[in-house]
Structure formats: C-alpha cells, structure tokens
Amino acid sequence: MIYQADWLLPMDDAPLLRGWMKVEGGRVVAMGSEAALPPDVEVQQFPGCVLLPGFINAHCHLELTALKNRIPAGKSFPVWVEELRGLTTGLSSEDYRQSVKEGISLLLRGGATTVIDVGNTGDALSVLSESPMRSFALVETLGLDPSLAESRSEHAASLANQLANTARFRTGVALHAAYSCSRELLVKVNAFQKERKLPVSIHAAESAEEAELFSSASGSLQKYCRSIFPEAPEHWATSPLRWLEENLLLQEGALVIHGNHLYERDLEILLRRKSTVVHCPSSHAFFGHKAFPYAELRQRGIPVCLGTDSLASGDSLSMLDQIRMFRKNFSEVTAQKALRMATTVAARALKMPRELGVLGPRYRADFIAVRTKTSPKEDPCEAVLRPDAQVVFAAIDGCEADLK
Ligand SMILES: [Zn+2]
C-alpha cells in the first residue's frame with residue numbers, strides 16, 4: 001500500500017511536498033515525492049494532511065486516566081501524593097483496565113503510536129498487549145525498607161514476566177524515585193532492565209520538596225517518607241541525581257522523568273551517564289514547578305523528550321497538546337525540533353533509532369496523518385502544531401488503529 005499526503009515529514013530529512021511512502025510487511029520500503037510515484041499501485045490519499053512518524057510518549061501512567069480532575073491543580077507534591085493514594089485505594093482491577101483502555105484511545109487520538117507506560121498494579125499489561133499501540137509496559141516498584149527489596153522487585157518482575165514480549169509489546173520494571181527506593185531495590189531493578197536491554201525509568205528532581213529532602217533532610221516530603229518508613233535516610237547537601245551517581249545507582253541511558261530542579265553538577269552527571277530527560281509539560285503546569293531548564297540541558301547536549309504523565313496531574317494525554325504546550329513555553333525552539341523531541345530523540349532514548357521515530361526505508365511503519373489545511377508554501381512542521389490541526393489517521397506496523 002502507498003500513502004500520500006500534501007506533505008510527508010521523514011523527520012531525519014527535509015519535508016517532501018506531495019510525499020508518499022510504500023509500506024510492506026509493517027515497514028516502509030520506499031518513499032519519494034510526487035514525481036517518483038510508482039504507477040499502477042493503490043494509493044491511499046490524505047488530502048489537506050501531513051504524514052509524519054507517530055509520537056513516542058516517553059512517560060505516562062495509564063492506570064490513572066479515570067482520575068482526571070479528581071485532584072485540583074496547584075497542590076504541593078506530597079499533598080498530591082497523599083490524595084492520589086486515597087483515590088486509588090479501593091479501585092478494582094476492572095477499574096484500572098477500563099482506565100487504561102480509555103487512556104490508550106486518548107493517546108492514539110493525540111498522535112502517539114508508542115507509549116512508555118508506568119503502572120503499579122500490572123493491570124495495564126494485558127490491555128496494552130491487546131491494543132494496537134506499541135508499548136513498553138513497565139511495572140513500577142518502590143520501598144525504602146531494604147528488607148523488602150527482594151520481595152518488591154520479584155513481585156514487579158513476576159508481573160512483568162506474565163506476558164510474552166513481542167516486537168510491539170515489551171515489559172519491564174520501573175523505579176519510582178531516589179527518595180522512595182532503597183539502594184538494594186535500585187540495584188535489583190537496574191540489573192533487571194539492563195538484562196532486558198531496556199532503559200530504567202525513574203522520577204527525579206521533580207519538585208521543590210524533593211530538592212529540600214536531598215539538600216537538608218527536611219520538608220514535607222521528608223516528613224511524608226518518614227511517616228511511611230521511620231528509618232528513611234537523611235540526605236544532606238546533595239540532590240537525587242548526585243546521590244544516585246555517588247552510589248553507582250544511575251543506570252547508563254536512564255530516562256530521568258521531570259528533571260525540573262537541576263544543579264550544575266546534575267547536568268554533568270546526566271551527560272556522563274547518557275541520560276535522557278523526559279519533560280511532561282501539562283504535569284509541569286499542573287504542579288506549578290519552577291521553569292523547566294531546557295536551555296541548560298540543550299546547551300550541554302543532554303537529550304530531552306516529552307511525555308504526558310497521567311490525567312491525575314494534567315489535563316491531556318495528547319502528545320500533540322504536549323508539543324504545543326512546550327512550544328508555547330519555549331518559543332525559540334523550531335516546530336521541527338519540537339517534533340523531533342517526540343520522535344527521533346525519544347527513539348534514541350529507547351535504543352531504537354533505526355526502528356522508530358523516522359519515516360524512511362526499513363523503519364517501522366508507525367505513522368500518523370494530521371489534517372492541517374496547510375498551503376504548499378507553509379512550513380508543514382508549523383502547520384502540524386497549529387491549534388486546529390487534528391490527528392485523523394494512525395498506523396502501527398502499517399496497521400490502521402481505530403481513532404474513535
Ligand atoms: Zn510519573
């Protein structure tokens with residue numbers, strides 16, 4: 001089958017006017033512009049549209065989709081965590097499964113074809129495996145008590161191991177955060193992910209309360225951790241990333257989720273450990289965190305990609321919305337660069353730079369069509385990010401996904 005639109009954005013090359021691509025066996029096998037279109041083949045046309053790689057949502061918690069608007073914005077991070085714990089108590093497996101289903105549908109309509117999902121119950125796994133979405137379904141673990149490290153990591157691993165992995169569906173374990181996991185647990189999960197050739201995902205440097213916990217063993221998050229585990233460690237004059245690095249606990253290539261509070265030494269650590277920072281614009285706005293240090297990260301060549309986080313701390317699971325929000329806050333970033341954050345940069349972070357994030361020969365045919373009402377003279381990347389642009393088609397491995 002050949003797909004053709006007003007524009008085709010390969011993402012690693014210049015946009016193709018009236019671009020087309022041929023898909024066979026779930027992969028792109030040929031592409032070109034109007035002049036080179038092979039004769040006598042079936043062509044699916046997308047008038048008024050731009051074709052581009054599907055977005056990679058590098059951080060999401062699909063289990064929490066049903067909690068949209070349940071916690072008001074602007075609360076401190078520890079208060080939000082406490083309210084979230086209250087709301088999730090009593091949710092059944094079926095509630096979580098429904099939540100995941102609804103979330104997948106929102107992701108697809110927002111242009112994501114790949115998601116790195118982090119769940120606590122394992123209920124997301126079977127729903128994701130049956131969905132058209134390409135997914136990295138991670139089971140999150142945490143626990144400050146070192147004596148629980150073995151049982152916690154084994155429990156998460158057994159949930160991750162319950163379903164067979166395929167090229168489209170991979171499972172693993174995620175770490176919650178440096179302040180909520182013991183060293184022993186961090187070691188075990190790092191090893192598990194390394195064996196699976198998957199990056200570790202860990203929340204880090206998200207809130208002012210977390211920065212306070214690591215700088216002076218004080219504040220409301222420290223108090224909260226102590227209320228759960230009275231022997232929670234006391235950190236002094238450090239940061240989550242420095243503490244991880246000094247204890248040899250930051251896995252190379254880790255996905256560092258949020259990274260809002262970064263010191264100079266943290267930036268050096270991120271660069272040295274080849275980390276990618278995952279910025280979640282709507283979640284960032286929900287909490288009112290300090291400005292995301294995008295310029296500082298990019299100055300040092302640290303990759304930044306994007307995620308939606310969950311609807312318990314944000315109002316959209318659309319990656320198109322996240323990219324638009326990011327550009328509103330960082331207008332100096334070109335539309336093409338912003339789109340690359342959600343495609344090529346994220347594919348590299350997933351160690352799949354020759355499989356995902358680009359439309360080109362041999363890449364997987366994970367793509368979307370965005371209706372833009374663009375004119376041939378307009379920059380098609382800008383057109384995709386216009387407020388009225390809409391995802392009208394999505395395919396993963398060349399198979400159309402239902403966007404209803
Ligand atoms: Zn998260």
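D309 lies in the loop between β13 (304–306) and α12 (319–329); helices (H or I, at least four residues) and strands (E, at least two) are DSSP runs numbered from the N terminus. The model is a predicted one, in which local features need pLDDT of at least 70 and side-chain atom pairs count only at pLDDT 80 or more, while totals for chains, interfaces and linings use all residues. Residues are numbered from 1 along each chain as its sequence is written, and side-chain values use heavy atoms, with hydrogens and water left out.

**Loop residues**

D309 is not a glycine, yet its phi is positive, near 55°. L248 also is not a glycine and has a positive phi of about 55°. The loop that holds L248 runs between α8 (240–246) and β11 (255–258). Two further loop residues are S275, between α9 (264–272) and β12 (276–279), and R196, between α5 (183–195) and β10. The table gives the accessibility of these residues, where buried means under 20% relative accessible area, exposed over 50%, and partly exposed in between (1.4 Å probe, protein chains only).

| Residue | Relative accessibility | Class |
|---|---|---|
| D309 | 5% | buried |
| L248 | 77% | exposed |
| S275 | 1% | buried |
| R196 | 22% | partly exposed |

Contact is taken as heavy atoms within 4.5 Å. Apart from neighbours within four places in sequence, S275 is in contact with L250, G253, A254, V256, L270, I302 and P303. With neighbours within four places in sequence again left aside, R196 is in contact with A160, N161, N165, R170, T171 and G172. R196 and E34 are 162 residues apart in sequence, and their C-alpha atoms are 42 Å apart in space.

**Domains and their interface**

The domain assignment of the chain gives domain 1 (2–53 + 358–400) and domain 2 (72–349); such bounds come from an automatic or database assignment. The C-alpha centres of domain 1 and domain 2 are 31 Å apart. Domain 1 gives 22 residues to the contact and domain 2 gives 22 residues.

About 1800 Å² is buried between domain 1 and domain 2, with 65% of it on carbon and sulfur atoms. Buried area is the accessible area (1.4 Å probe) that two parts lose on being put together, summed over both. On the domain 1 side, M11, L385 and I396 lose the most area to domain 2, together 38% of what that side buries.

Three salt bridges are counted between domain 1 and domain 2, each a side-chain nitrogen of Lys or Arg within 4 Å of a carboxyl oxygen of Asp or Glu. R134 forms a salt bridge with D397, and their closest N and O atoms are 2.6 Å apart. The elements that give two or more residues to the side of domain 1 touching domain 2 are β5 (43–53), β14 (367–371), α15 (380–384) and β15 (390–396).
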